[in-house]
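Please look at the model below before reading my points.

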Amino acid sequence: MSNVTIMDHPLIQHKLGIMRRKTTSTKEFRDLVSEVAMLICYEATRKLALADIEIETPLVKTIAKEIAGKKLCIVPILRAGLHMADGILNLIPNAKVGHVGLYRNEETLEPVEYFCKLPSDAADREIFIVDPMLATGGSAVAAIDILKKRGITKIHFLCLIAAPEGVERLTKAHPDVEIYIGNLDERLNEKGYILPGLGDAGDRIYGTK
Ligand code: PRP
Ligand code: URA
């Protein structure tokens, strides 16, 4: 799967190891979501185009580099994607932010859309959808469907943990999307939770359970 990158960086593995523990506090978990998102973003932005810019150092004039166009947009899937977006904004402070609200119906496991607000020029931008968990893949596929219906084509999807079932569904539905995964876990359980996983990401970020 040429468009799937599984991060195997020791820092990510270490931080995910802390996040998986059931004893990790809400605050620590939330901070780690942002940190791991930043590390994945570092890889996901590797192919961004650069432009030359003339600058002056304290010694001489020289040609430096800057990100060309700066047309980026981060799209967190609510709720759990919000803290990934916060982390990434530390690295790309000028990016615009769109929001897609989806929750999984607990019985069917299918996503239900309840919110969508995107920058008016989103179709001109390179989009980074962020959500900590890619489980059945329903939410990721639905979010990308929503964006594509609005004419958006340049899409990347970033998650902390994925199940093989979700990766398969997402790559089948949207083979053009670049996918970046912190860790590929073993499988889903009968309730659609990732094993070993880290539990319900939204509940752990917001302390709602
Ligand atoms: C979680 C997670 C993803 C979705 C993944 O959100 O943040 O959006 O589940 O599952 P899927 O791949 O099977 O669709 P949830 O529906 O729990 O909503 P929340 O973020 O509001 O808690
Ligand atoms: N959503 C989560 O937050 N965790 C899972 O393991 C699966 C879906």
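The points below take the ligand site, then the pockets.

1. The model is predicted: local features need pLDDT of at least 70 and side-chain atom pairs pLDDT 80 or more, while totals for chains, interfaces and linings use all residues. Residues are numbered from 1 along each chain as its sequence is written, ligands are numbered from 1 and chains lettered from A in the order written, and side-chain values use heavy atoms, without hydrogens and water.

2. Around ligand 1 there are 15 residues (a heavy atom within 4 Å). Those that come nearest are Arg104, Asp131, Thr136, Gly137 and Ser139.

3. The distance is 2.7 Å for Arg104, 2.5 Å for Thr136 and 2.6 Å for Ser139. The protein covers 91% of the 500 Å² of accessible area that ligand 1 has on its own (Shrake-Rupley method, 1.4 Å probe).

4. Ligand 1 takes up space that is the largest pocket (an open set of points on a 1 Å grid over the protein atoms alone, where a 1.4 Å probe fits, with protein on both sides within 12 Å along at least five of seven lines; lining residues have an atom within 4 Å of a point). A molecule sits in a pocket if more than half of its atoms lie within 2 Å of its grid points.

5. That largest pocket has a volume of about 760 Å³. Its lining has 29 residues, with Tyr103, Arg104, Tyr193, Asp200 and Gly202 nearest the centre.

6. The second largest pocket holds about 290 Å³ of space. Its 12 lining residues include Leu48, Ile67, Leu72, Leu91 and Ile92, the closest to its centre.

Methods:
A polar contact is a pair of N or O atoms within 3.5 Å; within protein, one must be able to donate a hydrogen and the other to accept it, and residues adjacent in sequence count only if both atoms are side-chain atoms. Grid points are joined across faces, edges and corners, and a volume is the space filled by probe spheres set on the points.
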